[in-house]
Amino acid sequence: MIEYPVSFVSLPIGNRDDITRRALEVLSSVNVIVCEDTRHTGLLLSHYGISQPLLSMHEHNEAARAPEIVRRALAGERFAVVTDAGMPGISDPGYRLIQELKCCGVPFTVLPGPSAATTALVGSGLPSDAFFFGGFLPVKPGKRSACLQTAAASSHTSVFYESPHRIIKTLEALAAIDPDVPVCVARELTKIFETYHRGSVSQVLGELHSQVPKGEFVLIIGGVNAPRYSHQPAYNQHNI
Ligand code: SAM
């Protein structure tokens with residue numbers, strides 16, 4: 001195995017079995033694991049029987065941590081960088097550290113693994129040949145609406161992360177633009193209550209209105225080339 005000074009390692013987005021052998025090897029062999037929340041990652045690592053020194057790096061201290069990690073990597077320490085779940089750098093810390101590593105000529109690598117965005121895109125059944133990833137939708141209604149309008153008029157599929165508190169309001173805003181836009185709301189991926197709600201935005205809103213939205217959500221919006229829906233039920237492991 002080639003040893004890089006810094007390895008970015010994707011972690012499971014729910015199901016703890018979704019970790020690669022290479023991820024486990026790297027996490028077991030580095031000197032320090034950089035993570036967002038040391039308690040959260042410590043618990044996950046203990047599930048894999050891994051106990052390593054942890055260093056916290058989150059959105060509020062990444063700019064300060066990055067030069068420290070570069071200095072220590074140049075002095076010979078080996079780092080793995082993880083976030084709470086999924087792929088570092090995807091709506092998560094990682095990008096600023098990578099800029100610093102690039103600038104200082106420190107080699108780094110990325111271990112492929114789970115990400116909610118790509119999992120949801122494929123599971124959505126919407127065209128996956130070309131897609132736009134928008135991260136978290138803006139919170140301000142005007143900006144959010146503008147993003148939704150662009151997504152609905154796009155020639156490709158759009159993928160957004162959304163909070164459980166805003167998912168209904170976001171779908172309502174999209175339905176106001178066009179109630180027939182094909183969407184998928186992917187909830188609690190890889191977890192016990194994994195559910196894909198696929199249909200027109202008005203159909204999906206109808207399904208979700210009867211529940212209090214809980215958990216983690218990805219919203220996938222079909223563009224102008226996506227097939228329009230007739231009704232399909234939501235599938236989870238309880239009604240397959
Ligand atoms: N870096 C992560 C990745 O690669 O997926 C994303 C981190 S971002 C801070 C967290 C957001 O990702 C959640 O608010 C939710 O929108 C989405 N997400 C993460 N895990 C998920 C899951 N199991 N099911 C659905 N959405 C998920």
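**Ligand site and a few residues around the chain**

An oxygen atom of the ligand lies 2.8 Å from a polar backbone atom of Ala116, a polar contact in the sense of a pair of N or O atoms within 3.5 Å. The model is a predicted one, where local features need pLDDT of at least 70, side-chain atom pairs count only at pLDDT 80 or more, and totals for chains, interfaces and linings use all residues. Residues are numbered from 1 along each chain as its sequence is written, and side-chain values use heavy atoms, with hydrogens and water left out.

Phe217 brings a backbone N or O atom to 2.6 Å from an oxygen atom of the ligand, while Asp92 places a polar side-chain atom 2.8 Å from a ligand nitrogen atom. Taken alone, the ligand exposes 570 Å², and the protein buries 90% of that (areas from the Shrake-Rupley method with a 1.4 Å probe).

As for the shell, 19 residues surround the ligand, and the closest are Ile90, Ser115, Ala116, Leu189 and Phe217; a residue counts here if one of its heavy atoms lies within 4 Å of the ligand. By type, the shell splits into eleven nonpolar, three polar and five charged residues (Ala, Val, Leu, Ile, Met, Phe, Trp, Tyr, Cys and Pro are nonpolar, Asp, Glu, Lys and Arg charged, and the others, Gly among them, polar).

Glu188 has a phi near 50 degrees and Thr190 one near 70 degrees, both positive values in residues other than glycine. For context, most residues other than glycine have a negative phi. Glu188 is found in the loop between strand S8 (182–187) and strand S9 (195–200), and Thr190 also has its place in the loop between S8 and S9; strands are DSSP runs of E with at least two residues, helices runs of H or I with at least four, numbered from the N terminus. At 15% relative accessibility Glu188 counts as buried, whereas Thr190, at 21%, is partly exposed (buried is under 20%, exposed over 50%, partly exposed in between, with a 1.4 Å probe and protein chains only).

Elsewhere, Tyr4 sits in the segment before strand S1 (6–9) and is partly exposed at 31%. Its C-alpha atom is 31 Å from that of Leu189, 185 residues away along the chain. Arg71, in helix H3 (residues 62–74), is exposed, with a relative accessible area of 55%.

How values were computed
Polar contact = N/O pair within 3.5 Å; in protein donor to acceptor, adjacent residues only side chain to side chain.
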